[in-house]
Amino acid sequence: MTTEELNKLHIAKLVDARGTACPGPLLEAKKAIGSIKPGDIMEILSADEGTKVDVPKWCTKQGHEYLGTIDENGYFKIYMKKK
Amino acid sequence: MEPKKLCLALYTGSVDKLTAAGVILGGAAADDMKVDIYVLLQGARAFRKDIGDNSDKLPMAENADLREGFLQSLKNLKVKTWVEFFKEAKAITDVKIHICGLAGKVWGGEKLDDFIDLADDICGISAYITSAQEADVNLFI
């Protein structure tokens, strides 16, 4: 998805994991995913470079849909849809 | 679908390698893996109740001369202690921690109660071999 499309998504759950290092953001996402419904979108904020790689791989393994990442100033916004 | 299984032989009792094991456990927990940890020789010392995540009592496996900087950096990055990593993984997925009976005795622990409450049981080496044979991923740290 384009940055413009990602910015227009309706976010069901925002996970701000910018204060944690790997594997913190992934585990915060893992804990939060249980609180949303299938088809809902989750946005993960992370300042950890590795999260950009971890979340897409995790989505593939878990069956969720990785939608894309926006590179902000000093952190990333990562979007995924729950299966 | 049956969860993938990770079998970890945890020989180390050093703060740097225990922290690495904790990070790996976090990844396994995110993937809903079933995890069996077998705590061997040096590892059992770290599981003693008077040690646990008291980093002052844990050695470094490598770069001992950089110890203070390493620990300070972990603190600055808000990295969990190894015990906190292990606890978090246990809360998320099926993690069982088995203390090797011999290792326990080496460090003066004969009963489960002699170790921090992360430990689930005391076992023999056959349990480790069986778990390793069944695992999808085997690690020795």
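User: What should I know about the model and its numbering?

Analyst: It's a predicted model: local features need pLDDT of at least 70, side-chain atom pairs count only at pLDDT 80 or more, and totals for chains, interfaces and linings use all residues. Residues are numbered from 1 along each chain as its sequence is written, while chains are lettered from A and ligands numbered from 1 in the order in which they are written. As for pLDDT, that's the predictor's confidence in each residue, from 0 to 100. Chain B averages 96, and 100% of its residues score at least 70. For the complex, the predictor gives an ipTM of 0.85 and a pTM of 0.92.

User: How do I read a sheet, and in what order do the five strands of chain B's sheet come?

Analyst: Strands of a sheet pair through backbone hydrogen bonds, either parallel or antiparallel. Here, two strands count as paired if DSSP finds at least two bridges between them. In chain B, five strands form an open sheet in the order 4-3-2-1-5, with parallel pairing. Strand 4 (121-123) and strand 5 (137-140) of chain B are the edges, each pairing on one side only. Looking inside the sheet, strand 1 (residues 5-10) and strand 2 (residues 34-39) of chain B run parallel, joined by six bridges. One pair to find is C7(B) with its bridge partner D36(B) in strand 2 of chain B.

User: Which strands of chain B does helix 1 lie across?

Analyst: First, the angle: axes are lines fitted to C-alpha atoms, for helices over the stretch in contact, and angles run from 0 to 180 degrees between N-to-C directions. Helix 1 of chain B lies across strand 1, strand 2, strand 3 (95-100) and strand 5 of chain B, at about 170° to strand 1.

User: And chain A: what pattern does it follow along the sequence?

Analyst: Chain A reads α-β-α-β-α-β-β, with three helices and four strands. Strand 4 (residues 76-81) of chain A pairs antiparallel with strand 2 (residues 41-46) of chain A over six bridges. Strand 3 (residues 65-71) of chain A also pairs antiparallel with strand 4 of chain A over six bridges. Look for I78(A): it is the bridge partner of I44(A) and of T69(A). The hairpin of strands 3 and 4 of chain A has four residues between the strands, and G74(A) there takes a positive phi near 90°.

User: How many residues does each chain bring to the contact?

Analyst: Residues are in contact if their C-beta atoms, placed from the backbone, lie within 7 Å. Chain B brings 11 residues and chain A brings 10. Helix 1 (15-30) and helix 4 (82-92) of chain B each give two or more residues to the side that touches chain A. Helix 1 of chain B gives the most, with five residues.

Terms used:
Contact = placed C-beta atoms within 7 Å.
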